[in-house]
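This report describes selected local features of one protein model. Please consult the sequence and the three-dimensional view alongside the text.

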Amino acid sequence: MTLTLLTTPFVTSVGAATSYKDKQQQNEQKQSKQKEALDENKQQLSKAQEKVYAIDQQINGLTLQVVENEQKIDQNERQLTKLKQKITALQKKIKKQEKMLGDRLAVRQAKSDKDPLLEAVFGAEDIGDMISRFNAFNTIAESDASLLKDYETSKQELAEAKQELEDTRTALIHDRKVLKKKQHELNAEKDKRTALLKRLKKQKRSIESNILSLKEAAAQLKAQEAAAKAAALAAKKQAAAQSAQPASISKASTKVISNATGKFIKPANGSISQGMGAASGNNGYAYHNGTDFAGPVNSAIVASAAGTVIQASSGGPYGNHVYIAHNIGGKTYTTVYAHMNALTVKQGQQVKQGQQIGKLGSTGNSTGPHLHFEIHEGGYQYNANGRTNELNPESFF
Ligand SMILES: [Zn+2]
């Protein structure tokens, strides 16, 4: 057996009805405090939700910017391709123009061999130098002038295209930097949002679980109080009947008295597979607070003593389990039956000693079919590391 279900101790004396009231009042106060905490949490949650909303807006804005940036980068990349094609075309055109100019000059050279001006021109180092010499001497024919003008325009266009290519590349690098930064910002905002929501949900769950535990404790207190009252009333009736007709019901009353002296019977038929006491700690507890009975699945589990079922639930470390409150000899006891395959009683039900309450199983934290059985002097208490108010069941059978 492992985790605690409830830590609120129950009163041990039947007579102290006011103690139940005190406990109930304390429980109610605790519940109202938890409800206040829940209200506060709700307010914080709504504030945080506004913050989440603002973050979402931020995320939306950033997402748009990222998309725009990606589009801009695409555009620039297409522009780069176009410019490269344009530059290649211009370079081809210029080469052709240079060839034509070269041919034209060769013709001129042949015509006027001794022209000193042309000689000066042909002494030029390259085509560009040659053009500037032509222009300087202003001696070329009209058709040659237009050829030269086209050539200059092509050169100018090439220079412009190269500059544009350079500018586009610079813009592209800048846009990529901006994109990276925006994506980083976007991820940071997303992380912030996730962390905020996680924190709030955790806080809410913790408060809700506190309230649930307190409600369970309240229900058990109520059931235990009712069980104690019913037992006291039954004992009174028994005493009255006994004094009125001692001879005729002596046998029956003996049985009741033997119950009232604190006797518990074995709740299952199987053999004892683990007794109460120190445990290895391998299963999450260093102290085994009851007795385990190994046995076949679905074999009968019976009430160890007469009492009131104060809990009949499924789930949790105990699996399908039953708590029964007993009033024996003026004292309250609580017995626990865990890991059952099925339950045959309901909360609030009165049970007799030996009456079936369920079927043996292996639900909850259990490694094989067995009944885990506890006897508490008073209400249910739990400590994984040592004894609280458990009695050793084996001392009764
Ligand atoms: Zn056990």
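Arg176 is partly exposed, because its relative accessible area is 41%. Here buried means under 20% relative accessible area, exposed over 50%, and partly exposed in between, with a 1.4 Å probe and protein chains only. The model is predicted: local features need pLDDT of at least 70, side-chain atom pairs count only at pLDDT 80 or more, and totals for chains, interfaces and linings use all residues. Residues are numbered from 1 along each chain as its sequence is written, and side-chain values use heavy atoms, with hydrogens and water left out.

Arg176 forms a salt bridge with Glu77, and their closest N and O atoms are 2.2 Å apart. Glu77 belongs to helix H1 (residues 17-111) and Arg176 to helix H4 (residues 142-244), so the pair ties together parts that are 99 residues apart in sequence. Glu77 is partly exposed, with a relative accessible area of 31%. Helices (H or I, at least four residues) and strands (E, at least two) are DSSP runs, numbered from the N terminus.

## Other features of helix H4

A salt bridge is defined as a side-chain nitrogen of Lys or Arg within 4 Å of a carboxyl oxygen of Asp or Glu. By this rule the count comes to seven salt bridges. One of them joins Glu185 and Lys181, with the closest N and O atoms 3.6 Å apart. Both residues lie in helix H4, four residues apart, about one turn of the helix. Glu185 counts as partly exposed at 26% relative accessibility, whereas Lys181 counts as exposed at 54%.

Thr170 is also placed in helix H4. Its relative accessibility is 48%, so Thr170 counts as partly exposed. Thr170 and Asn76 are separated by 94 residues in sequence, and their C-alpha atoms are 10.0 Å apart in space.

## Zinc site

The zinc ion is coordinated at 2.0 to 2.8 Å by His288 (NE2), Asp292 (OD), Asp292 (OD) and His372 (ND1). Donors are N, O and S atoms within 2.8 Å of the metal (3.2 Å for Na, K and Ca); water is not among the atoms, so sites may look incomplete. The four donor atoms subtend angles of 51 to 150° around the zinc ion, which makes the arrangement irregular. Four donors count as tetrahedral if all angles lie between 85 and 135 degrees; four count as square planar and six as octahedral if opposite donors are over 155 degrees apart and all others between 65 and 115; anything else is irregular.

The donor residues of the zinc ion follow the spacing H-x3-D-x79-H in sequence. His288 lies in strand S3 (residues 287-288) and His372 in strand S12, so this pair ties together parts that are 84 residues apart in sequence. His288 is buried, with a relative accessible area of 0%, and His372 is buried, with a relative accessible area of 0%.

Lys331 and Glu377 meet through their side chains in a salt bridge (2.5 Å, N to O). This pair links distant parts of the chain, with Lys331 in strand S8 (residues 331-340) and Glu377 in strand S12, 46 residues apart. Lys331 is partly exposed, with a relative accessible area of 34%, and Glu377 counts as partly exposed at 27% relative accessibility.

Ser366 is found in the loop between strand S11 (356-359) and strand S12 (370-377). At 18% relative accessibility, Ser366 counts as buried. Its side chain makes a polar contact with the side chain of His370 (3.3 Å). A polar contact is a pair of N or O atoms within 3.5 Å; within protein, one must be able to donate a hydrogen and the other to accept it, and residues adjacent in sequence count only if both atoms are side-chain atoms.
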